[in-house]
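Subject: Structure handover and notes

Dear colleague,

I am passing on the structure we spoke about, with the sequence alongside. Please read the notes below next to the model.

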Amino acid sequence: MPSDIFRNYINGEWLTGSATVANVSPANIADVLGHFAQADAAQVEQAIEAASAAQVVWERSGLEQRYQVLMAIGDELIARKAELGEQLAREEGKTLAEGIGEVYRSGQFFHYYAAEVLRQMGETADSVRPGVEIEMRREPVGVVAIITPWNFPMATAAWKIAPALAFGNAVVFKPANAVPASAWTLTEIISRQGLPAGTFNLVMGSGAIVGDRLIHSPKINALSFTGSVDTGRKVAAATAVNFVRCQLEMGSKNALIVLDDADLELAVDCALNGAFFGTGQKCTASSRLIVTAGVHDRFVAALIERIGQLKVGHPLREGVQIGAVIDEKQLNQNLRYIQQAQADGARLACGGERISEEQEGFYMRPALFVDTRNDMQINRDEVFGPIACVIKVADYEEALATLNDTRFGLTAGIITQSLKYASDFKRRAKTGCVMVNLPTAGTDYHVPFGGRKDSSFGPREQGQYARDFYTVVKTTYVRP
Ligand code: NAD
């Protein structure tokens, strides 16, 4: 076992685990960010026990303490955004600008929920019984387990941990094993805030061991998960057995509609941004571009030209716009989808090949398919890579029907100058978020985020809506 291990944080102590994993940069496999402890099942239990004991202390903590803790975490993240953004870019493969932006956004989540701490108001009602008064107030839900994916290693953690702590809950946090460094750094910052021991616990490790133990535990009160649909289904089934409240944010197959009357330059910008930035590894990525016939050829030509200008390469290199794919397995899967789409009759208009960089890593050129149909596998599955497919349609009605013809429902976008179509689209797109003249990716931190169908399950995340998950309502009757 290496001597310089980044350890788990359980009950206020830094503990080694049963093994370690090396955190290897997907942008340069010679760049190892460190060795990170792997918790075993017993340590997961220890973390849950510690959180349960801390819960009774933390839920009685004053609002001022919680406000100060969250503000301090947010302040530090924002102050260290350049350093931590670089670490994030190295470990996940996204560009430096995207890494810095993510750390900054993570700080904003903590600041936002610091303010929410002070906004916890109850309600009162008169009783139907004379002389009786009623109060409705929210109480912490209890111990919250948090399981996160690799694509937004800091932000996803932040948008769950901040409200969990703000509403008085103890936390057991399991990050994705591909990106432990951002999780460890965030934990290190939290560990210096004087929280009661056990209020916040980090258990790094695999889904099969650490995740599995968490989702089957009857001792947690709520579980917030972001990840794939397949894993989400297991989480929902396991938590239901113990009546543990669960919230799932999962995959998607988002579409951007471009209508004949669209501002072409804006349409191309939004498609490029939504489909390829973040290496297409966003749950909000526009992987389907549904374009009406009148603008189709001009849109495709302009988009191909812009894709050709995209700089793919090492995330820390100046001017790079598209970084690395998360790992070899994902890269190979992307390449298999490219082959399958071609075999199914889609025409590869540009990109789609693996490329080498100075540093050995997992790079590919963004790919655009044209002449695709919505029933092709490439338009049904979430690929989670820099691959977009154009689907040509006759008119708005066909575009909308095509957009909604999917098992997913996270985000949807339309580019149009027509108020009539934009207004209709806002109501009829079967997704949790709708964008008009904006990319499908890119959301704010103070409003709810989530989807429908296979993309989401349970109460919404973010903004004030998050309290529905992180609190329980108590109704009190008083005869004074
Ligand atoms: P994943 O489902 O493989 O893993 C997500 C997390 O679950 C990881 O921490 C993993 O270790 C854990 N896990 C795996 N198996 C488990 C099990 N049996 N029990 C408990 N935990 C288990 O997903 P991923 O590959 O890390 O992330 C990519 C997916 O995340 C994509 O589908 C993407 O769309 C989705 N995602 C969704 C959103 C959203 O808000 N909707 C945001 C980001 C990513």
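A salt bridge is taken here as a side-chain nitrogen of Lys or Arg within 4 Å of a carboxyl oxygen of Asp or Glu. By this rule the count for the structure, which is a predicted model, comes to 23 salt bridges.

Salt bridges

One of them joins Arg80 to Glu83, with 2.9 Å between the closest N and O atoms. Arg80 has a relative accessible area of 21% and is therefore classed as partly exposed, and Glu83, at 45% relative accessibility, counts as partly exposed as well. Both residues belong to a network of salt bridges that links Glu76, Arg80, Glu83, Glu188 and Arg192.

Another salt bridge brings together the side chains of Lys160 and Glu461, at 3.1 Å from N to O. This pair links distant parts of the chain, since Lys160 sits in helix α5 (residues 155–166) while Glu461 belongs to the loop between β22 (456–457) and α15 (467–470), 301 residues apart. Are the two partners buried or exposed? Lys160 has 0% relative accessibility and so counts as buried, and Glu461, with a relative accessible area of 1%, is buried too.

The side chains of Glu357 and Arg317 also meet in a salt bridge, with an N to O distance of 2.3 Å. Here again the pair links distant parts of the chain, with Glu357 in the loop between β16 (354–355) and β17 (363–364) and Arg317 in the loop between α10 (293–309) and α11 (328–343), the two being 40 residues apart. Arg317 has a relative accessible area of 40%, so this residue is partly exposed.

How many of the residues of strand β20 (residues 411–415) are buried? The number is 5 of the 5, so the strand is largely enclosed by the rest of the structure. Both faces of β20 are covered, with buried Thr411, Gly413 and Ile415 on one side and buried Ala412 and Ile414 on the other.

Strand β13 (residues 254–258) runs parallel to β20 and is joined to it by 4 bridges, and within this pairing Leu256 has Gly413 as its bridge partner. Strand β21 (residues 433–436) likewise pairs with β20 in the parallel sense, over 4 bridges, and in that pairing Gly413 stands opposite Met435. Together with helix α14 (residues 419–428), the strands β20 and β21 make a right-handed β-α-β unit.

Aromatic pairs

The structure holds 13 aromatic pairs. In one of these, the rings of Tyr112 and Tyr113 have their centres 4.8 Å apart and their planes at 90°, so the pair is edge-to-face. Tyr112 and Tyr113 are both buried. Phe469 and Tyr470 form an aromatic pair that is also edge-to-face, with 4.8 Å from centre to centre and 90° between the planes. Phe469 is buried, as its relative accessible area is 0%, and Tyr470, at 1% relative accessibility, counts as buried. Elsewhere, ring pairs link Phe6, Tyr9, Trp14, Phe36 and Trp184 into a cluster.

A surface patch and a loop residue

Thr372 and Leu348 are 24 residues apart in sequence, and their C-alpha atoms are 9.6 Å apart in space.

With best regards

Definitions and conventions:
Residues are numbered from 1 along each chain as its sequence is written. This is a predicted model: local features need pLDDT of at least 70, side-chain atom pairs count only at pLDDT 80 or more; totals for chains, interfaces and linings use all residues. Side-chain values use heavy atoms; hydrogens and water are left out. Buried means under 20% relative accessible area, exposed over 50%, partly exposed in between (1.4 Å probe, protein chains only). Two strands pair if DSSP finds at least two bridges between them. A crossover is right-handed if, with the strands pointing away from the viewer, the path from the first strand over the helix to the second runs clockwise. Rings of Phe, Tyr and Trp (its six-membered ring) pair if their centres lie within 6.5 Å; planes under 30 degrees apart count as stacked, over 60 as edge-to-face and the rest as tilted.
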